Amino acid sequence: MEEMEKVVEAAEVQPSEEIQPKPSKAAKAGAAIKEWFRKFTVKLKHRPMNIAFFVLIVATVLYLCSLGDYSQSVLKYRIVDWLGLSVFVNTLFCILSLLLFMNSFPKRSKKPRIVMLILFFVFVAAMITFDVLFYVRAGNAYNNDLANPNWDPAIKADVQSYMVPALNSALAHIALVGLGAILTATYPLYGKLLNKINTRKVIESTELKEAIETQDD
C-alpha cells in the first residue's frame, strides 16, 4: 500500500511556470522601432534646438541642390543687378549659418552663446533679404520676357526649365530659413512640451525577475 502511494505521489504533475510564447518578428520589429523613437525623444528633451537645426540643414541642402538653376538664371539675366551677388552670398551664408548655429549651442553648455546666436539671426535676415531680392528682380525680368509675343518658343521652354525651379526654390528657402529662425528663438517653449512626454522604459515582469535572479547569483 505504501509503495502504491509513493507511485501516485511521483506521478502527480507539479505546477510549472507558464511558458511565455516567443514574440514574432513583427513584434520584435515594432518593439525596436518603439525603442528607437523613445531614445530619439530622450535626445530631443536634452537638446530641443536640434529640431531647428534639422530644418536649417534641409534649407541648406535645398539651396545647394538648386545652384544649377540659380547659375543659369544669373547667366540668362546677367544684366539685372544683384542677382549674382544674391546667389553668392546665400551660398556662403547657408554654410556659415550652420556653423554659427552649432557654436551657439555647445554640447557641454546649458546656456547658448549670445554673440554667436545674434550673428546667426543676422545671417538668417541677410539670406531672406537676398532671396527676396533674387525672386523680385529675376521674376520681373522673366515676366517681361513672357509678355513678349515674339519670344522664340524653344528659348522660352529652355528658360522656363530653370527659371521656374529657381524661383520656387527661393520661396522654399525663405520659408525654411524663416521656420528655422522661429524654432531657434522658441526652443525653450517647445522644449517644455517635449519634457511632458513620458519616455520611461516599461520593464516587463519577466525581465524584472531575470534581473533580480542575476543580482542574487
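This is a predicted model: local features need pLDDT of at least 70, side-chain atom pairs count only at pLDDT 80 or more; totals for chains, interfaces and linings use all residues.
The protein has nine helices and zero strands. From the N terminus on, the order of elements is therefore α-α-α-α-α-α-α-α-α. Of the 217 residues, 30% count as buried.

Helix H3 covers residues 50-65, and helix H5 covers residues 83-104. Their axes come within 10 Å and cross at roughly 155 degrees. Because angles over 145 degrees count as roughly antiparallel, H3 is roughly antiparallel to H5. The crossing of H3 and H5 is left-handed. On the H3 side, the contact is made by Ala52, Phe53, Leu56, Ile57, Thr60, Tyr63 and Leu64. On the H5 side, Ser86, Val87, Asn90, Thr91, Cys94, Leu98, Phe101 and Met102 take part. By class, these residues divide into 11 nonpolar, four polar and no charged.

H5 also packs against helix H6, which covers residues 114-146. The axes of H5 and H6 come within 9 Å and cross at roughly 155 degrees. This angle is over 145 degrees, so H5 and H6 are roughly antiparallel to each other. H5 passes H6 in a left-handed crossing. The contact of H5 with H6 has 20 nonpolar, five polar and two charged residues.

Asn90 lies in helix H5. Its relative accessibility is 0%. Buried means under 20%, so Asn90 counts as buried. Asn90 is one of the H5 residues in the contact with H3. Leaving aside neighbours within four places in sequence, Asn90 is in contact with Tyr63, Ala126, Met127, Phe130, Asp131 and His173. Tyr63 belongs to the H3 side of the contact between H3 and H5.

Ser104 also lies in helix H5. Ser104 has a relative accessibility of 0%, so this residue counts as buried. Not counting residues up to four places away in sequence, Ser104 touches Pro112, Arg113, Met116 and Leu117. Ser104 and Ile114 are 10 residues apart in sequence. In space, their C-alpha atoms are 7.0 Å apart.

Phe134 is placed in helix H6. At 3% relative accessibility, Phe134 counts as buried. Leaving aside neighbours within four places in sequence, the contacts of Phe134 are Tyr70, Ser73, Val74, Leu83, Ser86, Val87, Gly139, Ala166, Leu167 and Ala170. Ser86 and Val87 also take part in the contact of H5 with H3. Tyr70 is 64 residues from Phe134 in sequence. The C-alpha atoms of Phe134 and Tyr70 are 9.4 Å apart in space.

The loop between helix H4 (67-76) and H5 contains Trp82. Trp82 is not a glycine, but has a positive phi of about 75 degrees. Its relative accessibility is 46%. Buried means under 20% and exposed over 50%, so Trp82 counts as partly exposed. Ile79 is found in the loop between H4 and H5 as well. At 77% relative accessibility, Ile79 counts as exposed. Ile79 and Ala141 are 62 residues apart along the chain. Their C-alpha atoms are separated by 9.8 Å.

Cysteines were also examined. A disulfide is a covalent bond between the sulfur atoms of two cysteines. A pair counts as a disulfide when the sulfur atoms lie within 2.5 Å. By this rule, the count comes to zero disulfides. Cys65 has a relative accessible area of 64%, so Cys65 is exposed. Cys94, in contrast, has a relative accessible area of 1% and is buried. Cys94 is among the H5 residues in the contact with H3.

Terms used. Residues are numbered from 1 along each chain as its sequence is written. Side-chain values use heavy atoms; hydrogens and water are left out. Axes are lines fitted to C-alpha atoms, for helices over the stretch in contact, and angles run from 0 to 180 degrees between N-to-C directions. Helices (H or I, at least four residues) and strands (E, at least two) are DSSP runs, numbered from the N terminus. Angles under 35 degrees count as roughly parallel, over 145 as roughly antiparallel, 65 to 115 as roughly perpendicular and the rest as oblique. A crossing is left-handed if the near helix is turned anticlockwise from the far one by less than a right angle, and right-handed if clockwise. Contact means heavy atoms within 4.5 Å. Ala, Val, Leu, Ile, Met, Phe, Trp, Tyr, Cys and Pro count as nonpolar, Asp, Glu, Lys and Arg as charged, and the others, Gly among them, as polar. Buried means under 20% relative accessible area, exposed over 50%, partly exposed in between (1.4 Å probe, protein chains only).
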